[in-house]
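Colleague: Please take a close look at one part of this model, the stretch just past one of the helices. Then set that part in the context of the whole.

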Amino acid sequence: MRKWTVLWAALIGSMLFLVQGCTDQNAFDLQDMIRGEESAKEEESTGESGGYEPDQPQDSSTETEPTREVSELYYAYHQLDAGQQKIYLEMLDALTGMRSGVPLSTLDKSVLEVVFTCVMNDHPELFYVEGYQYTEYTLGDAVTGITFSGTYSMTGAEMEQAGFMIEQKLAECFGEVPLNEDEYSTVKYLYEWLIQHTEYDRSAANNQNICSTFLQGRSVCQGYAKAMQYMLQKVGIQCVLVTGFTNGERHGWNLVRVNGEYYYLDPTWGDASYALGSADGPLEGGGPAINYDYFLVTTDEITRTHSIERVVALPVCTAVADNYFVREGLYFDCYDESKLALAFDSEMARTTGCVTIKCDTDGTYGMMVQALIDSQKIFDFVDKLGESIAYTTNDEQRTISFWNL
């Protein structure tokens, strides 16, 4: 039941919102934010009001310009209107400074959830933020102001220490990032580094933020996605957290801009032990250490398995130029024996003992499966007659992986 307390001439109502995500149920959407109400303490009638009464309350709809320049790195911010952008910056400043009771330039509480979610989806460095609380002030039936307070999992000192430890952990990684090459190489390096240094673990502490990933090496989907975002933003590449559903569970992944084009990227499903069917361990007999089926893919490709919750407008991703399989010469539009021979005789195949190929259509994919697997033509390219070669297929992404080559 909602509780209200009269405070001289002002009526105050508070509500608490907690950030959730990718727990055992992978729950972290707007509809499932936990709501808990607080009642204000009653002030004694001394002739002075304890309420917040702004002298000149303003609705953000009257604002036409954001208060300052914001980098293009922060995708969600730039999808908001001018009034929402102003609220975004007010919330961001409050959360960055761990401040409470910050007046917002809106009298409309209905915009707070979306704007707060945009702040959190843009800023993985706010790893210490658990949620927020707002207080609405009214005089009679008129709303006179709204104040905003973050809720935090750490003290200021603990936050600074965790941030320092994260930077120490990533120093070697950033020191080796191929920044002088094109953005594809940078994203690929960071994607591989993240997967190689993280295990999927539903029981990991702090698994909704980057502390679990960088300090414990264990996380769930939101931890992976925010860690990927954090690293990409550090090297100047735009990336935002995207949420939705996969296999009936809530999930988080990324939208990233690479060489001027937008792609989807799912680092959790890049962890082969998770993406290829077992979140508890690697495939029997081994397999590719890193899965690239969801590395820089189109909207059509991601939505075959992922259902997107659009907090803000998202682009339709159609580019394929920087898809892993296109860049690495592993993308096929027909059964091409000479190209297959190059793939299975490549340095990568000799080093890793694995090859994954991707097909452009269901027809090409069916032809590859029939030839390489059903008719065992794989042995035309790999000299292991009398021995066995392991493989797995992904019908949605039209990929085939072979290992123990």
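Modeller: Helices here are DSSP runs of H or I with at least four residues, strands are runs of E with at least two, and both are numbered from the N terminus. This is a predicted model: local features need pLDDT of at least 70, side-chain atom pairs count only at pLDDT 80 or more, and totals for chains, interfaces and linings use all residues. Residues are numbered from 1 along each chain as its sequence is written, and side-chain values use heavy atoms, with hydrogens and water left out.

Start at Q376. This residue sits in the loop that runs from α13 (362-374) to β16 (390-394). It comes just after α13. Its phi is positive, about 55°, yet Q376 is not a glycine. Accessibility uses a 1.4 Å probe and protein chains only: buried is under 20% relative accessible area, exposed is over 50%, and partly exposed is in between. Q376 has 47% relative accessibility, so it counts as partly exposed.

The buried residues of α13 are T364, Y365, M368, V369, A371, L372 and I373. As background, an α-helix has 3.6 residues a turn, so residues three or four places apart point the same way. What covers those buried residues? Their cover includes β14 (331-332), α11 (337-344), β15 (354-359), β16 and β17.

Follow the chain past β16. R398 lies in the loop between β16 and β17 (399-403). It is another residue other than glycine with a positive phi, near 60°. R398 has a relative accessible area of 14%, so it is buried. Q376, in contrast, is partly exposed.

Next, the loop between β13 and α10 (324-327), which holds V311. V311 is partly exposed, at 22% relative accessible area. A contact means heavy atoms within 4.5 Å. Leaving out residues up to four places away in sequence, V311 touches V114, T117, C118 and N121. V114 is 197 residues away from V311 in sequence, but their C-alpha atoms are 6.7 Å apart.

Then the sheet that includes β13. Two strands pair if DSSP finds at least two bridges between them. Five strands form an open, antiparallel sheet, ordered β12-β11-β10-β9-β13. β12 (295-297) and β13 (307-309) are the edge strands; each has a single partner, so one side of each lacks a neighbour in the sheet. Angles run from 0 to 180 degrees between N-to-C directions, with axes as lines fitted to C-alpha atoms, for helices over the stretch in contact. With direction ignored, neighbouring strands of this sheet are turned by 45° against each other on average.

Inside the sheet, five bridges join β10 (residues 249-258) to β11 (residues 261-265), and the two run antiparallel. V256 stands opposite Y263 of β11. Helix α6 (residues 221-234) packs on the sheet and touches β9 (239-246), β10 and β11; its direction makes about 15° with that of β10. Helix α4 (residues 183-196) lies across β10, β11 and β12, at about 130° to β12.

Finally, the whole. The protein has 13 helices and 17 strands. Buried residues make up 53% of its 405 residues. Of the contacts with a separation of 6 or more, 63% link residues 24 or more positions apart.
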